[in-house]
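Here is a walk through one structure, one region at a time. Have the sequence and the 3D view side by side as you read.

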Amino acid sequence: MILFFAENGQEIKNGFLKSQNKAGTSNIYGEEQMALDKWADEVLINGLKKTRLVRYIATEEQPNIIEIDNPRNQFGVVIDPLDGSSLIDVNLAVGTIIGIYPGTVLDKGENMIAAMYILYGPLTTLTFTTGNGVHDFVMGEKGEFYLTAENIRIPDGKIYAPGALRKDYLPAHSKFIESLENDGYKLRFSGSFVADMHQILHKGGVFTYPGIKGKEKGKLRLLFEANPMGRIIAEAGGAISNGKKDILSILPDAIDNITPVYAGSKKEIGLIERYTQELSV
Ligand code: F6P
Ligand code: MN
């Protein structure tokens, strides 16, 4: 299955040379879709329909769960076909995020059996876990992947990648950011969750897209973004939280659930959970 997505990652990477026009339609979150989002979505869905590798497919670009006829397995997959796609027109790094479940996709992140992402930067890299460590690969000229790092552990590091506007911060989040800044954390936010998380995985620190005034549930998608990336960061010795508890323990009730996200080293995740608790009593 990981091979299936790796092979299609090469096709998606090649697709960047194709049309970059706006598709003129919206996804279920009301965001304008780039043509490449839709195209990458179709490549993966059509490939999975043809191979019948899985039973359920949920993607960030589709309003409903797709069920495959005569599946060869009972797996459910969650897909963000092109994360950070607003950066395509300025040639910044974007990615594909995948999570694989034993069955239904409306399951807790902790029950995921594999999670992976492909990052299309100067190099195309593949990072995955099947619950047996986190490993990095780089794509070669013919689409083959070479192992570059095995059993990655998130190091201590002072990087923070904070999404959202400061004027909209809620009290615990303000205190958290102030504490990181006083402690000398360096700002690194690109607008691509995959790219920002890849940096945190390798350099340490924390990514956050918090709940904010008027949007207390945040922005990022529980199924397509938070859970697969959370599964990877947790497997590498880090953690992911909504500010109160482990995101991987949350049972989704719909595919479009969103959540505040704090993901990185356990130290920073412990800090935001402590501030949330202190400021809510
Ligand atoms: O898919 C959502 C996303 O593009 C993430 O990749 C990224 O972290 C976030 O949105 C950026 O949001 P904003 O444009 O509000 O900074
Ligand atoms: Mn996304």
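## Around G76

Leaving aside residues up to four places away in sequence, G76 touches Y56, G99, I100, Y101, P102, G103 and V105; contact here means heavy atoms within 4.5 Å. You'll find G76 in strand β5. Helices (H or I, at least four residues) and strands (E, at least two) are DSSP runs, numbered from the N terminus. G76 has 0% relative accessibility, so it counts as buried. The scale behind that word is relative accessible area: buried is under 20%, exposed is over 50%, and partly exposed is in between, with a 1.4 Å probe and protein chains only. For a sense of distance, G76 and K167 sit 91 residues apart in sequence and 39 Å apart in space, C-alpha to C-alpha.

A word on the model itself: it is predicted, local features need pLDDT of at least 70, side-chain atom pairs count only at pLDDT 80 or more, and totals for chains, interfaces and linings use all residues. Residues are numbered from 1 along each chain as its sequence is written, chains are lettered from A and ligands numbered from 1 in the order in which they are written, and side-chain values use heavy atoms, with hydrogens and water left out.

## The sheet

Strand β5 belongs to an open sheet of eight strands with mixed pairing, in the order β4-β3-β5-β6-β7-β8-β9-β10. Two strands are taken to pair if DSSP finds at least two bridges between them. At the edges stand β4 (66-67) and β10 (145-149); each has a single partner strand, so one side of each has no neighbour in the sheet. On the β4 side, the partner is β3 (residues 56-59), paired with β4 in the antiparallel sense over two bridges. There, I57 stands opposite I66 in β4.

Helix α4 (residues 193-203) packs on this sheet and touches β5 (76-83), β6 (94-101), β7 (114-120), β8 (124-129) and β9 (134-139). The direction of α4 makes about 105 degrees with that of β7; axes are lines fitted to C-alpha atoms, for helices over the stretch in contact, and angles run from 0 to 180 degrees between N-to-C directions.

How much of α4 is covered? Mostly: nine of its eleven residues are buried. Those buried residues are F193, V194, A195, D196, M197, H198, Q199, I200 and L201. Just after α4, G204 takes a positive phi of about 85 degrees.

The whole structure has five aromatic pairs. Rings of Phe, Tyr and Trp (its six-membered ring) pair if their centres lie within 6.5 Å; planes under 30 degrees apart count as stacked, over 60 as edge-to-face and the rest as tilted. F128 and F137 are stacked, because their ring centres are 5.8 Å apart and their planes are at 20 degrees. F128 is buried at 14% relative accessibility, and F137 is buried with a relative accessible area of 17%. F193 and F207 have ring centres 4.8 Å apart and planes at 55 degrees, so that pair is tilted. This pair links distant parts of the chain, with F193 in helix α4 and F207 in strand β13 (residues 206-209), 14 residues apart. Both F193 and F207 are buried, and together with F189 they form one aromatic cluster.

## Salt bridges

A search of the whole structure turns up eight salt bridges, each a side-chain nitrogen of Lys or Arg within 4 Å of a carboxyl oxygen of Asp or Glu. One of them joins R166 and E181 at 2.6 Å, N to O. R166 lies in the loop between β11 (159-162) and α3 (171-182) and E181 in helix α3, so the pair ties together parts that are 15 residues apart in sequence. R166 counts as exposed, at 51% relative accessibility, while E181 is partly exposed at 28% relative accessible area.

R231 and E235 also meet in a salt bridge (3.5 Å, N to O). Both lie in helix α5 (residues 222-235), four residues apart, about one turn of the helix. R231 and E235 are both buried.
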